[in-house]
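Please keep the structure open while reading.

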Amino acid sequence: MTERLTEGQEAPVYAAAEELGALLSRERRHLIPTYQRDYEWTEEGQWQLLMDDVIDVTDRLLGARKTAEFNGQDLALAEKEVGPHFLGAVVFEALPPRGAHVATCSVIDGQQRLTTIYLLLRALLDVLTSHGLKDRARQIRKLILIRADDVVDAEEVFKLWPRRRDRDAWVAVMDDERPDTAHRYNEARQYFADRIEAAVENVESPESFLSVLVDALSHKIKLVVVDLEPGDDPQLIFEVLNGRQTPLSAADLVKNLLFMRATLPEEQVDALYDKYWSPFDAKWWSGTIGRGHAARGRRDQLLATWLTIQTAEEVNLGRLYGEARTYLSNSTANLPDLLRDIAGLAQEYRHIYERPDGVPKEIAGVYRRMERLGVTTAVPLLAWLRTLSAQRLTPAEHLRAVQAIDSFVVRRMMISAQTRGYGRAFLDILQKAKAAPAGQRIDAVITDALLAAPHGLEWPTDEEITDEFLARSFYGRISQERIRMLLGPIDAHLQEQAVKSEQASFDYDSLTIEHVMPRQWEKHWPVTADDPAARLAAEQDRERHINRIGNLTLITGKLNPSLSNREWSVKAPALDKHSKLELSREIVGLTTWDEAAIDRRSERLARAACAVWTRPLPIAHAAPVSASAGAALDMWKQG
């Protein structure tokens, strides 16, 4: 049985259904390329279902034989009536012959499936051996191994040869003595052996059942096999069949696209993989960024960032592979250059999220805020800045550029401005920055572009920030995490301005937000107006002030609720005891705390916030900055 897989090629590719026994009886090795993903099949995901199907086929074949024997029918005809079970598809591409070496093909698609079949057969060999079925054991051994006398190199005895990082584990799992090391290969072998033994316990004749199991696997389990010919497109076949197996991430698809199209010797491809792509096998890269339905794999996010930088166009993560394929089809870059570019960006991308010691403190703080605010649309621009040489972007200019982005985002967060449109806005800025001529400062291009953002994406002014602090509630309107994100840097700024010998350091994220005038103010903080109308107006004014930022502070220890709601003469000393921040120092020395005091503090906090997140004047066409990063920070704060 054959099936046409592709259209539009000069020589269409056909797939043929082949019995497992016939496929594995060939003196041919199956080599899994280094760039293929890890073996990921599991008991819950695939092993159990596969074994259920195999037992079902075996039971049907055994039943057909018993019925034929009882009725005196021809066994061969009876067995033909037992329908086969199809395990799916595999795609092979023959590798150039090497003299007396065993013929070898590369596994383009189906490596998870094929690996599992070999592990199942290895487990069956264990059980056959333990039951003394030597002939059947010899039959299975020939399917998974080649006689040592027939090979040139020792490794050629293994018909399946996994990617290089798994080869030691594969040699161990194919050995007659079961390994005791923790590896998914070993888990699969043990699982299949246990299932077969369990099935044997429930039959009258274990030997008969095992013999039928061997025949069922050899003749009633089939695969759709595609043997590619010269000129066939491996990636095209891979894409046609991908929907039939465990879904691949966009990063996996792009990786396969890159390596399948390489026109280099296998040894060079392996070396490139080890040097540039193997770091993506690390656990960190298997994590996700974002929350809920917006969560995406880090590898996918990185490739989207890389593609965004290359094209300066917005990349849809849901269509990442298609967009990457279009770009690569039109690119003249060779595989080493592409991999070098991606790997270089990956290091800088990871620094944005891990923020190692080599990242300046001020820049690391910006990265942390962008991550917590979920502003992933700024990451391509931030990552691209990190790839530039110090000659093109000095450390001082880098700091100014990053802080401009930070100020733009945080100021808009302060006034609860919409984030819709950030993607296009940051892409436009990236385009302008990349197009900047050699003599123009990139930090100036970014700052001026942010200042010239279109309507609806304006960079809030100092006046707008002050109005917001004076008139709007913060607590309850924005998250407590974001309030800490504002008050922490403000306190750090106030400490820098304070005249003292040593500056304290705090983990602001762990501090508690405290209302200076408590939300339950009625008992200890009553309004004093006698007229009912005036009292009502005063109470309403107080409610409006309670959640404003001027009435909020951070405390280093949890304040007892009985003290938190007490009158100011009692609460002020308690607040002084539980908060060593400059943020609260100016409060505790006051004799009264009322709406007027909240307004004054709101205005002071607004000035401090504007000093931390400065909105500078346009600086287009400025000359390159030669000052140190520290001097640049001083220049920035001075506006």
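A residue is called buried when its relative accessible area is under 20%, exposed when that area is over 50%, and partly exposed in between, with a 1.4 Å probe and protein chains only. This is a predicted model, in which local features need pLDDT of at least 70 and side-chain atom pairs count only at pLDDT 80 or more, while totals for chains, interfaces and linings use all residues. Residues are numbered from 1 along each chain as its sequence is written, and side-chain values use heavy atoms, with hydrogens and water left out.

The predictor's confidence in each residue is its pLDDT, on a scale from 0 to 100. The protein chain averages a pLDDT of 87, and 90% of the residues score at least 70. Over residues 4-13 the pLDDT is below 50, and this stretch has 23 contacts beyond near neighbours in sequence; a contact means heavy atoms within 4.5 Å. Residues 621-639 also have pLDDT under 50, and for them the model has 35 contacts beyond four places in sequence.

The protein chain contains 27 helices and eleven strands. Both are DSSP runs numbered from the N terminus: helices are H or I with at least four residues, and strands are E with at least two. Of the 639 residues in the protein chain, 50% count as buried. Among contacts with a separation of 6 or more, 72% are between residues 24 or more positions apart.

The interior can be described through nonpolar cores. Such a core is a set of buried Ala, Val, Leu, Ile, Met, Phe, Trp, Tyr and Cys residues joined through side-chain atoms within 4.5 Å. The largest one has 108 residues, and L258, F426 and I446 have the most contacts inside it. Apart from it lies another core, of 68 residues, which includes I32, I55, L120 and L213. What does F426 touch, not counting residues up to four places away in sequence? Its partners are V375, T377, A378, L381, I405, F408, V409 and L450.

Aromatic rings come next. A pair of them is described by the distance of the centres and the angle of the planes. Here rings of Phe, Tyr and Trp (its six-membered ring) pair if their centres lie within 6.5 Å; planes under 30 degrees apart are stacked, over 60 edge-to-face, and the rest tilted. The whole structure holds 24 aromatic pairs. One aromatic cluster is formed by Y35, F259, Y273, W277, F280, W284, W285, Y349 and Y353.

Charged groups also meet rings. A charge sits over a ring if NZ of Lys or CZ of Arg is within 6 Å of the ring centre and within 35 degrees of the ring normal. R542 lies over the face of W521, 5.1 Å from the ring centre. The charged end of R477 is placed over the ring of F474, at 4.8 Å from its centre.

R477 also takes part in a salt bridge, its partner being E468, with the closest N and O atoms 3.4 Å apart. The term stands for a side-chain nitrogen of Lys or Arg within 4 Å of a carboxyl oxygen of Asp or Glu. E468 is buried, with a relative accessible area of 9%, whereas R477 is partly exposed at 24%. The count of salt bridges comes to 47.

Another of these joins E354 to R350, with 2.8 Å between the closest N and O atoms. Both residues lie in helix α14 (residues 335-354), four residues apart, about one turn of the helix. E354 is partly exposed at 40% relative accessibility, and R350 is partly exposed at 25%. R566 and E567 form a salt bridge at 3.1 Å, N to O. Salt bridges that share partners also link R122, D126, R141, D176, R178 and R189 into one network.

Some single residues remain. H493 lies in helix α21 (residues 480-497). Is H493 buried or exposed? H493 counts as buried, because its relative accessibility is 12%. Leaving out residues up to four places away in sequence, H493 touches A608, A611 and V612.

A312, which is not a glycine, has a positive phi, near 55°. A312 sits in the loop between α12 (298-311) and α13 (320-330), and is buried at 9% relative accessibility. S416, also not a glycine, has a positive phi of about 60°. S416 is in the loop between α17 (395-414) and α18 (422-435), and is partly exposed, with a relative accessible area of 38%.
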